[in-house]
Amino acid sequence: MPQRTAPSIPPAVAEWLQVTGHGKATDIEQLHGGAISSTTRITGSSGTSWVLKQSANAPADLYRREAEGLRRLAAAGALPIPKTQLCAEQYLLLEDRGSHAFTRDTWVQLGRGLARQHQVTSERFGYDTDNYIGRMVQRNPWTDDGHAFFAEHRLLSWLDAPACAQALGQKNRARLERLAHRLPDLIPRQPAALLHGDLWHANILPSHYGPPSLCDPAVHYGWPEAELSMLYGCGPVPEDFSAAYEELHPLEDGWRDRLPILHLRELLSVLAHFGDNDETLHRITEVLDVYT
């Protein structure tokens, strides 16, 4: 069960509640999840609630980039996105989309919505700005070639992170570099599609009243299969999802077999953030054993 805590919110948020007619914060509920922010649900005396993300140690532009990503996904109109109410260096106040359980309908509507989102494309890979995956910068330079973009900015870039380099060692680093060079032989060409960029189960918010919402993005234009690799690599995904997705956005044969290669990006991110982890390193070396 969520832990109840004494109210503690930034003065600007308390002032916003008063100015907008919602009165005082009558309840603050600590929410689980998130390695970077402390996340709470705030309920005003009006009965309306919001989600507040806070961190005293966040990069100065982290929440601004997150809010920009949310607005970009909202503009696509594919899935509901929480509205930003306030954004500052140390906090982000969002519309509360609720906490609900995943159902079959959640997965069906997620599949359809994500397929529509992936139909929003760009001539190049990357994004207008760099942003964040976790607490680390995600580089998004505009790149013409998808294989070069994924190799340089989604795989090899993690080798600069000390914790990742130490966990991999020289042998696995060399193997990863060889795999990156082989990507044109392993991954078919795909359009540069609008990606959430950090799509695992905790960043999907099921609803009782319609399609699920998405939160905590690392938006960029990249391979649709790369998006799917994180979703499938971080927990079970029912067939209802893939059937609904492929009705609107068919994938090339063999896409499931390619997901472990693309999921290396997330596994390397885990090493970079948290250091040596036997399970994560084992999953990486399993892929390297097959393809190098």
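Which handedness does the crossing have where H5 passes H10? It's left-handed: H5 passes H10 in a left-handed crossing. Keep in mind that this is a predicted model, where local features need pLDDT of at least 70, side-chain atom pairs count only at pLDDT 80 or more, and totals for chains, interfaces and linings use all residues. Residues are numbered from 1 along each chain as its sequence is written, and side-chain values use heavy atoms, with hydrogens and water left out. On the labels: helices (H or I, at least four residues) and strands (E, at least two) are DSSP runs, numbered from the N terminus.

**H5 with H10**

- The axes of H5 and helix H10 (residues 278-291) come within 10 Å and cross at roughly 50°; axes here are lines fitted to C-alpha atoms, for helices over the stretch in contact, and angles run from 0 to 180 degrees between N-to-C directions.
- That makes H5 oblique to H10, going by a scheme in which angles under 35 degrees count as roughly parallel, over 145 as roughly antiparallel, 65 to 115 as roughly perpendicular and the rest as oblique.
- As for handedness, a crossing is left-handed if the near helix is turned anticlockwise from the far one by less than a right angle, and right-handed if clockwise.
- On the H5 side, the contact (heavy atoms within 4.5 Å) uses Ala167, Leu168, Asn172, Arg175, Leu176, Leu179, Arg182 and Leu186.
- Across from them in H10 sit Leu281, Ile284, Thr285, Val287, Leu288, Asp289 and Tyr291.
- Sorted by class, the contact of H5 with H10 has 10 nonpolar, two polar and three charged residues; Ala, Val, Leu, Ile, Met, Phe, Trp, Tyr, Cys and Pro count as nonpolar, Asp, Glu, Lys and Arg as charged, and the others, Gly among them, as polar.

**H4 with H5**

- Helix H4 (residues 146-155) and helix H5 (residues 162-186) have axes that come within 8 Å and cross at roughly 160°.
- That makes H4 roughly antiparallel to H5, and their crossing is right-handed.
- H4 brings His147, Phe150, Ala151 and Leu155, which meet Leu176, Ala180, Leu183 and Pro184 in H5.
- The tally for the contact of H4 with H5 is seven nonpolar, one polar and no charged residues.
- Leu176 of H5 turns up here and also in the contact with H10.

**H6 with H7**

- Helix H6 (residues 224-233) packs with helix H7 (residues 239-248) at an angle of about 170°, and their axes are 13 Å apart.
- That makes H6 roughly antiparallel to H7, and H6 passes H7 in a right-handed crossing.
- Pro224, Leu228, Leu231 and Tyr232 of H6 make the contact with Phe241, Ser242 and Tyr245 of H7.
- Those residues divide into six nonpolar, one polar and no charged.

**Strands**

- E7, E10 and E13 form an open sheet of three strands in the order E7-E10-E13, with antiparallel pairing; two strands pair if DSSP finds at least two bridges between them.
- The edges are strand E7 (121-122) and E13, each of which pairs on one side only.
- Two bridges pair E7 with strand E10 (residues 192-195) in the antiparallel sense, and Thr121 has Ala193 in E10 as its bridge partner.
- E10 and E13 run antiparallel and are joined by three bridges, with Leu195 partnered by His220 in E13.
- Elsewhere, strand E5 (residues 84-88) and strand E6 (residues 91-95) pair in the antiparallel sense over four bridges.
- A hairpin joins E5 to E6 through two residues, and Cys87 stands opposite Leu92 in E6.

**Two loop residues**

- Asp216 lies in the loop between strand E12 (213-214) and strand E13 (220-222).
- Its phi is near 50°, a positive value in a residue other than glycine.
- Asp216 is partly exposed, with a relative accessible area of 24%; buried means under 20%, exposed over 50%, and partly exposed in between (1.4 Å probe, protein chains only).
- Ser8 is found in the loop between strand E1 (3-4) and helix H1 (11-19), and at 52% relative accessibility Ser8 counts as exposed.
- Leaving aside its neighbours within four places in sequence, Ser8 is in contact with Ile28 and Gln54.
- Ser8 and Thr40 are 32 residues apart along the chain, with their C-alpha atoms separated by 9.7 Å.
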